[in-house]
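Please open the structure in your viewer and keep the selection tool at hand.

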Amino acid sequence: MSEHLIKFYKMFDGVPAIIPADPSAYGSMPTDAFRYCEAMRTASSFGWYVYPPKTLTLTVSEDIVYAYLEGEWVLVKSEYLNDGFKKEWENLAPDNLRRHFPAFLRPVPLPGTLQIFTGHFVETAPGWSVLVRAPANTPRGPFQVYEGMVETDEFKPCPIFVNIRITETNREIRLPFNVPLAQVQLVPRQVYTEDQKRVAYVEQAESVSSEFPWERFTDTVHSEPHPRGRYAVARRKRDRRNTPAMPGAV
């Protein structure tokens, strides 16, 4: 694993590459939000985009998923999409694994649900996991991306699958190969195991009044006047202060 926290393996030349997530939410964020809302920009850019292995056309009829492949609608079982992907795998894999070609589409035993393999594998450094979720702050289409946390430091190399549920029946659903299907985020395991128990919840009114950090309140949301993008400006100034100067910079 060397010094990297996360490592991606692109196993098929024909699939779209994984790229860093975009602060503009792939161009879908309103202009004012992009300019002034650093919270949305940070959430949008946290992680990497993964894509369908190719443009997919799907439909659901009576809770069963069908895919349009090679000029006809087929019931999704274990679909390999094309012979090119299979040949790439056979050229890469050792002899004992050549027949273990991962299917790109698999049915999931839930209504209108299937699993899509992106053509990539991932592994992480000890203590780090991967969260696969819908792309942050992007419009939702006629399908739902199921979120999943995988401990890819132990279960590795882990194929990057995305489980989706199509929410509209009897219509064609198109998943273009150049539109992010999901967002992969690197998460330290402790934040969703032990650290999640370290929570304080002040509930009673008298306790809230005595414990609430009133002296800091004016530094957050209650300043008057409240300039637009104040949080974004403060964040960017902090980032500049914490960024080492380039050699020779004045």
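A salt bridge is a side-chain nitrogen of Lys or Arg within 4 Å of a carboxyl oxygen of Asp or Glu. The model shown is a predicted one, and a search of the whole of it finds 7 salt bridges.

**First stop: salt bridges**

Select Asp153 and Arg189, whose side chains form a salt bridge with an N to O distance of 2.4 Å. Asp153 belongs to the loop between β11 and β12, and Arg189 to the loop between β14 (182–188) and α4 (205–211), so this pair ties together parts that are 36 residues apart in sequence. Both Asp153 and Arg189 are buried.

Next, select Glu123 and Lys156, which meet in a salt bridge at 4.0 Å, N to O. Because Glu123 lies in strand β8 and Lys156 in the loop between β11 and β12, the pair ties together parts that are 33 residues apart in sequence. Glu123 counts as buried, at 11% relative accessibility, whereas Lys156 is partly exposed at 41%.

Then move to Asp95 and Arg98, where the closest N and O atoms of the salt bridge are 3.3 Å apart. Here Asp95 is exposed, with a relative accessible area of 62%, and Arg98 is partly exposed, at 38%.

**Second stop: pockets**

Select Pro139, Gly141, Phe143, Val179 and Pro180, which lie nearest the centre of the largest pocket among its 21 lining residues. This pocket has a volume of about 360 Å³. Its lining comprises 16 nonpolar, 3 polar and 2 charged residues. Strand β13 gives the largest share of that lining, 3 residues.

The volume of the second largest pocket is about 230 Å³. At least two lining residues come from each of β8 (113–124), β9 (128–133), β11 (148–150) and β12 (158–166), with β12 supplying the largest share, 6 residues. By class, the lining has 11 nonpolar, 4 polar and 1 charged residues.

Which residues make the nonpolar surface patch of about 330 Å²? Select Val202, Val208, Phe212 and Trp214 to display the patch. Trp214 is part of helix α5 (residues 214–217) and is partly exposed, at 48% relative accessibility.

Methods:
Residues numbered from 1 in each chain as written. Predicted model: local features only at pLDDT ≥ 70, side-chain atom pairs only at ≥ 80, totals over all residues. Heavy atoms only, no water. Patch = residues over 30% accessible without salt bridge, like charges linked within 9 Å, V, L, I, M, F, W, Y side chains within 5 Å. Areas by Shrake-Rupley, 256 points an atom, 1.4 Å probe, with all protein chains shown as cover. Helix = DSSP H or I, 4+ residues; strand = E, 2+ residues; numbered from the N terminus. Buried < 20%, exposed > 50% of the residue type's maximum accessible area, 1.4 Å probe, protein only. 1 Å grid on protein atoms, 1.4 Å probe; cavity = no way out; pocket = protein on both sides within 12 Å on 5 of 7 lines; lining within 4 Å. Points joined across faces, edges and corners; volume = space filled by probe spheres on them. Nonpolar A, V, L, I, M, F, W, Y, C, P; charged D, E, K, R; others polar.
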